[in-house]
Amino acid sequence: KMEKRIQADMVSAMKAKETVRLASLRAIKAAILLAKTAEGGNGEVSDQEIVKIIQKLVKQRKESAQQYYDAGRPELAENELAEVAAMEVYLPKQLSEAEVEAELVKIMAEVGASQPSDMGKVMGVATKRLSGLAEGRLISTLVKKLLAQ
């Protein structure tokens with residue numbers, strides 16, 4: 001189970017004094033605990049939910065890094081991106097833009113989408129099918145591009 005792997009990796013990061021990796025794993029662990037104790041939760045978190053949690057943490061860190069760069073603080077941005085790299089180890093491999101586009105073409109054929117007004121139909125299926133494999137922003141950008149052709 002993913003949670004056990006994260007716990008074991010945390011211990012090895014502590015022993016190896018890998019501060020960035022340890023900080024990343026602690027953030028993941030804290031987010032998992034929050035999800036477990038959230039209202040309406042059953043105290044359990046599936047691996048799929050953990051992947052979503054990690055994706056959210058990665059997105060937050062990428063946004064923070066961008067803000068640090070914009071503020072002229074590259075050293076802080078580097079730290080955020082180092083944590084991103086440590087977290088991405090636990091995510092499924094992301095599809096390339098070409099792979100996402102190929103998948104979207106298939107989905108468009110399935111739902112019979114051909115014009116920009118069909119975007120909702122395509123996005124509904126695409127976000128479910130490509131969940132965890134591609135960023136939502138990339139999916140919507142490509143759907144817009146394909147439907148405009």
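In which helix is the place of Val 143? Val 143 lies in helix H7, residues 136-148, where helices are DSSP runs (H or I, at least four residues) numbered from the N terminus. The model is predicted, so local features need pLDDT of at least 70 and side-chain atom pairs count only at pLDDT 80 or more, while totals for chains, interfaces and linings use all residues. Residues are numbered from 1 along each chain as its sequence is written, and side-chain values use heavy atoms, with hydrogens and water left out.

Val 143 counts as buried because its relative accessibility is 0%; buried means under 20% relative accessible area with a 1.4 Å probe, protein chains only. Setting aside neighbours within four places in sequence, Val 143 is in contact with Leu 104, Met 119, Val 122 and Met 123, contact meaning heavy atoms within 4.5 Å. Met 108 is 35 residues from Val 143 in sequence, and their C-alpha atoms are 8.8 Å apart.

Helix H2 covers residues 19-37. Its buried residues include Leu 22, Leu 25, Ile 28 and Lys 29, and the buried residues of H2 pack against helices H1 (2-15), H3 (47-70) and H4 (74-88).

Two packed helices are described by the angle between their axes and the distance between the axes. For H3 and H4, the angle is about 160° and the axes are 8 Å apart; axes are lines fitted to C-alpha atoms over the stretch in contact, with angles from 0 to 180 degrees between N-to-C directions. H3 and H4 are therefore roughly antiparallel, a term for angles over 145 degrees.

Key:
Helices (H or I, at least four residues) and strands (E, at least two) are DSSP runs, numbered from the N terminus. The expected span of a helix is 1.5 Å times one less than its number of residues. Buried means under 20% relative accessible area, exposed over 50%, partly exposed in between (1.4 Å probe, protein chains only). Angles under 35 degrees count as roughly parallel, over 145 as roughly antiparallel, 65 to 115 as roughly perpendicular and the rest as oblique.
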